[in-house]
Amino acid sequence: MSETEVELPKTAAAAPAAATAPWWQRDDLALRGGHLHLGTADLEALARKIGTPAYVIRAPRVTEKLGQLHRALDRAGLDHRVYYAIKANRTPQLLSYLAGQGLCGADICSPEELLHALSCGFREEDISFTGTSLSRADIETLARFEGIAINFDSLAALDRFGQICPGRKVGLRINPDRGIGYGGSEMLQYSGTAATKFGIYLDRLPEAIEIARKHGLTITRLHFHAGCGYLDREMTQFAAVLEASRAFIAQLPGLTDINIGGGLGVPHRASDAPLDLDLWAKTIAQAYGGAGLTVSVEPGDFLIKDAGVLLASVTYRERRKAVEFLGLDAGFNLAMEPAFYGLPCEPVPAAPRDAAPSPFTLVGNVNEALDKWAEDHPLPDPQEGDVIALINAGGYAASMRSDHCLRGDARSVLLLD
Ligand SMILES: Cc1ncc(COP(=O)(O)O)c(C=O)c1O
């Protein structure tokens with residue numbers, strides 16, 4: 001093909017492409033010079049150098065999101081703290097970067113996460129623990145760290161802790177009996193009409209207060225986490241959860257802090273709009289304004305999910321019946337949410353070919369039928385060896401990965417610009 005032949009279609013395609021920018025495009029995730037860039041990194045070139053599969057995280061994106069959160073909470077007049085939920089992505093380099101920025105503490109859920117957060121540079125007083133199904137050994141470990149804020153999610157755990165550490169200040173994880181249903185999956189339900197394993201329900205709060213009294217514990221903090229992935233359309237449910245928490249607050253005159261968990265969502269598909277942070281913060285201020293409480297929030301996905309991509313290479317292209325399949329060298333074991341919860345990691349070519357898109361079913365390299373990245377997904381003539389970026393793979397991908405079929409390995413790169 002001559003240079004002119006290459007140039008002409010590119011010029012012709014430039015105007016319509018700008019008019020119909022893909023929904024996920026933003027300043028730091030965009031096609032430039034025909035290649036997908038995350039920050040200043042050319043993802044196709046990066047994949048060719050380091051190999052695939054590879055997780056790539058742009059750390060400054062997380063800092064930007066932290067800044068947005070703080071500013072919205074400030075504008076709403078809320079005294080607040082932000083803890084990053086490290087279960088979303090515990091890559092040590094990322095955690096050390098965040099600890100060094102000083103914009104957030106760490107939300108942790110197990111003794112190992114505690115030791116990991118400390119090893120990455122978070123200070124005890126910047127760590128908040130909320131875990132579930134705690135063993136005696138778990139509680140004994142936690143008890144050694146007097147600086148961390150601990151929220152107990154069962155009467156049994158509270159009682160065990162009180163026996164070991166009478167007289168301490170503690171938090172309770174409550175279940176406000178209202179959930180934020182996320183349209184994508186029933187399995188992401190943390191609270192709601194049916195009983196879940198999380199938190200203390202209102203009918204048992206008097207027993208929790210009595211256990212605390214028996215051990216001289218002071219309940220200074222309430223915690224709840226009522227759902228995942230919420231956007232503007234879920235704000236009414238969010239307001240109902242906050243309202244329901246007030247019945248707990250009313251019974252605890254010594255409270256100084258309310259931790260409203262995580263759950264803030266990011267767009268996953270073209271029909272999603274980003275969460276309006278001012279609306280979110282205003283909703284919180286309406287529920288707790290004037291109560292003199294410090295509001296803590298512990299987002300995972302909101303901070304990290306769209307800061308990361310999983311780079312994969314096309315292994316083969318083949319029609320089965322009427323379906324064009326495209327194989328990738330990355331399976332669902334590297335990012336489970338699409339298969340488990342129906343939360344897509346949209347496949348984006350890192351160097352899209354100059355061709356009309358046609359539909360493909362993208363599958364991974366694990367021997368499970370649910371190992372599918374997308375169905376009927378339009379791509380422009382992909383070929384073996386092409387690099388595909390699975391976007392929104394920053395949260396709950398690397399941290400949940402498994403070794404199923406011994407396909408577990410993936411590199412990890414942290415971008416600092
Ligand atoms: C107690 C608690 N806090 C925070 C989070 C973070 O949630 P998200 O990543 O949806 O913000 C979770 C997620 O499971 C959680 O269970």
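## The ligand site

The ligand is surrounded by 15 residues, the closest being Gly263, Glu298, Gly300, Asp301 and Tyr396; a residue is counted here if one of its heavy atoms lies within 4 Å of the ligand. The structure is a predicted model, in which local features need pLDDT of at least 70 and side-chain atom pairs count only at pLDDT 80 or more, while totals for chains, interfaces and linings use all residues. Residues are numbered from 1 along each chain as its sequence is written, and side-chain values use heavy atoms, with hydrogens and water left out.

A polar side-chain atom of Tyr396 lies 2.6 Å from an oxygen atom of the ligand. For Gly263, a backbone N or O atom is 2.7 Å from a ligand oxygen atom, and for Asp301 a backbone N or O atom is 2.9 Å from a ligand oxygen atom. On its own the ligand has 390 Å² of accessible area, of which the protein covers 96%; such areas come from the Shrake-Rupley method with a 1.4 Å probe.

## Asp301

Asp301 belongs to helix α11 (residues 301-304); helices are DSSP runs of H or I with at least four residues, and strands are runs of E with at least two, numbered from the N terminus. Asp301 counts as buried because its relative accessibility is 12%, and buried means under 20% relative accessible area (1.4 Å probe, protein chains only), exposed over 50%, and partly exposed in between. Apart from neighbours within four places in sequence, Asp301 is in contact (heavy atoms within 4.5 Å) with Ala88, Leu264, Val266, Glu337, Gly395 and Tyr396.

## The nonpolar cores

A nonpolar core is a set of buried Ala, Val, Leu, Ile, Met, Phe, Trp, Tyr and Cys residues joined through side-chain atoms within 4.5 Å. The largest has 82 residues, of which Tyr84, Ile260, Trp280, Ile284 and Tyr288 touch the most other members. Helix α10 (residues 277-288) gives the most to this core, namely seven residues. Because domain 1 (3-58 + 307-415) and domain 2 (90-299) both give residues to this core, it lies between them; the domain bounds come from an automatic or database domain assignment.

Beyond neighbours within four places in sequence, the contacts of Trp280 include Leu69, Tyr230, Phe238, Ile260 and Val297. A second, separate core of 21 residues includes Leu328, Ala330, Phe360 and Ala398.

## An exposed loop residue

Ala195 is placed in the loop between β9 (169-175) and β10 (200-201). With 70% relative accessibility, Ala195 counts as exposed.

Conventions
Polar contact = N/O pair within 3.5 Å; in protein donor to acceptor, adjacent residues only side chain to side chain.
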